[in-house]
Amino acid sequence: MKKYKKGILIFLCLVVIGSLVACQSKKVPNKDIGETKETESNLKKDELIVSMGERIPHEFDPKQRWGMYNEAHIIHSTLLMKTADLDIVGDLAKDYSISEDGKIWSFNLHDNFKFSNGELVTAEDVKFSYDMLKEYGQHWDLGFIDKIEIPEENKVKIYLNEPRSTFWAQLTEVPIVPKNHYNDNYSQNPIGSGPYMVTQYDKDEQAIFEVNPYWHGEEPYFKKWTWVCLDENTALAAAKAGKVDIIYAIPEFADEELPGWKLFEFESNDVRGLSLPYVKPGKIESPDGYPVGNEVTSDPIIRKALNIGLNRQEIVDTVLNGHGKPAYSVIDGMPWWNPETAIEDGRVEEAKKLLDEAGWKEGKDKIRERDGIRAEFELYYPTNDKLRTNVAIAASEQAKNLGIDIKLVGSNWDEMVTKSHEVALLYAGGRHHPNQFYESHSPERAGYGWANITFYDNPKVMEYMNKAMTSTDLDEANKYWKLAQWDGETGASTLGDIPNCWLVRFNHTYLGDKRLNVGNQPIHSHGHDWSLLHNIYEWTWEENSK
């Protein structure tokens, strides 16, 4: 057998802290019985209240990408799972094997996994989950699956059209849902076989989780936990008032000192940067029907100038308060990343020279023009995300030094998805596997969900990625992933024709009660929320923590 390695009743309240704050009609918990931390201190604490943002990402439904960022195992099982060391081990599958040609994956399933309604998890549920997501086709790229068979009870065989070196990624992420109970309202009543179940979900207000009575594993220490949906400022106010136990703290709040609390900080490969549409307008139609192309960002010289001219470390220092690193790709620091692409940046004069030579000349207002077209484009960012807002502002200010005018547009994701192929977005990424690199740069995935939103298309890069994908040897696959980034002449990277300008890789920072033990955390992937909470069933409360 081959193994892959490394590879929270809520009530309306006003929170008072010195002065009245957070008058935002948000719901903040009273911890059920209104106890303060002081009166709790000598009691066994087996409930938690957390705040990781204003919304519950992916809302427990795989059709909305639930599972893609490590969160599946809170309420679901998957065939395989990643350990904190990023080893790949069995979950619902007690063991598995791969044929020599890499095209047949066979799984022997445990027979004691039960959904939160008491029904056994079966091979039929596995087949349904994968077939359903393959047919849906929006977020999960499962088109390489030929067929799924159930040769006997508790056995599953998945046949691939060709070898797929990154298939383990989906195997550790696709949540197994009950065939007989999955429907369009699944987010309101998700049924899974993980350690917790969702007992109440009030969209944009709260989600309450309690222990799954049919959970097969060791019972979690915390019997109940609640996520209250608060923005960053309200969450910090709630923390200071003793209304929550742990919050996500944006970098500018990370150094706040709260009595009895501490900073939890974890390295991540969670990156932020600009998506830059790769093609000119009017050349391509998108499967999703949204307009494609941008006259300015389609020029590789504009993209190159931004990549070498912007100063990433300055953004880390100012926006992140030092809690992070410069970013150069969506796979920084991973075994399949090409470190040659970590370029020296802030080369303003060199970037200006490139633009001059390409005919982009400064106008009277210092913004460049060529053939009557100004070097300007719109950058959309979600206004409810303070970190992205600050990165967008910083990038726009720096770009002016190059003669490029980035016009900021505050928006929301519902609108941004419709604009994603024709304007720049303050984009994000970062996973524990190379599959996102593939989906971000494959023309076959352009226009499907949030995959290749820029419509990037480089045949040589695709050639390398296909070789990496179909390799049955991971070392060989990693060689081709690196070549796809840069082979000395071309590649999807800062050295090549990358359709992005990645800027920062930020540490995930949280403020929480010092008595919390959040277990063994791996390097975090994209999403500060589920990255921390993914193993909440392993968390404990330690009264003697200092």
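Colleague: Which side chains meet in a salt bridge here?
Modeller: Lys-386 and Glu-252 do, at 3.4 Å from N to O. A salt bridge means a side-chain nitrogen of Lys or Arg within 4 Å of a carboxyl oxygen of Asp or Glu. This is a predicted model, where local features need pLDDT of at least 70, side-chain atom pairs count only at pLDDT 80 or more, and totals for chains, interfaces and linings use all residues. Residues are numbered from 1 along each chain as its sequence is written, and side-chain values use heavy atoms, with hydrogens and water left out.

Colleague: How many salt bridges between domain 2 and domain 3?
Modeller: One. There are also six residue pairs in polar contact between these domains, both residues at pLDDT 80 or more. A polar contact is a pair of N or O atoms within 3.5 Å; within protein, one must be able to donate a hydrogen and the other to accept it, and residues adjacent in sequence count only if both atoms are side-chain atoms.

Colleague: What area do domain 2 and domain 3 bury between them?
Modeller: About 1,200 Å², with 52% of it on carbon and sulfur atoms. That is the accessible area (1.4 Å probe) that two parts lose on being put together, summed over both. Pro-251, Glu-252 and His-526 supply 42% of the area that domain 2 buries against domain 3, more than any other three residues.

Colleague: New topic. Is Asp-141 buried or exposed?
Modeller: Buried, at a relative accessible area of 10%. The cut-offs are under 20% for buried, over 50% for exposed, and partly exposed in between (1.4 Å probe, protein chains only).

Colleague: What does the Asp-141 side chain make a polar contact with?
Modeller: The side chain of Arg-164, at 2.8 Å. Leaving aside neighbours within four places in sequence, Asp-141 is also in contact with residues including Tyr-438 and Arg-445.

Definitions and conventions. Contact means heavy atoms within 4.5 Å.
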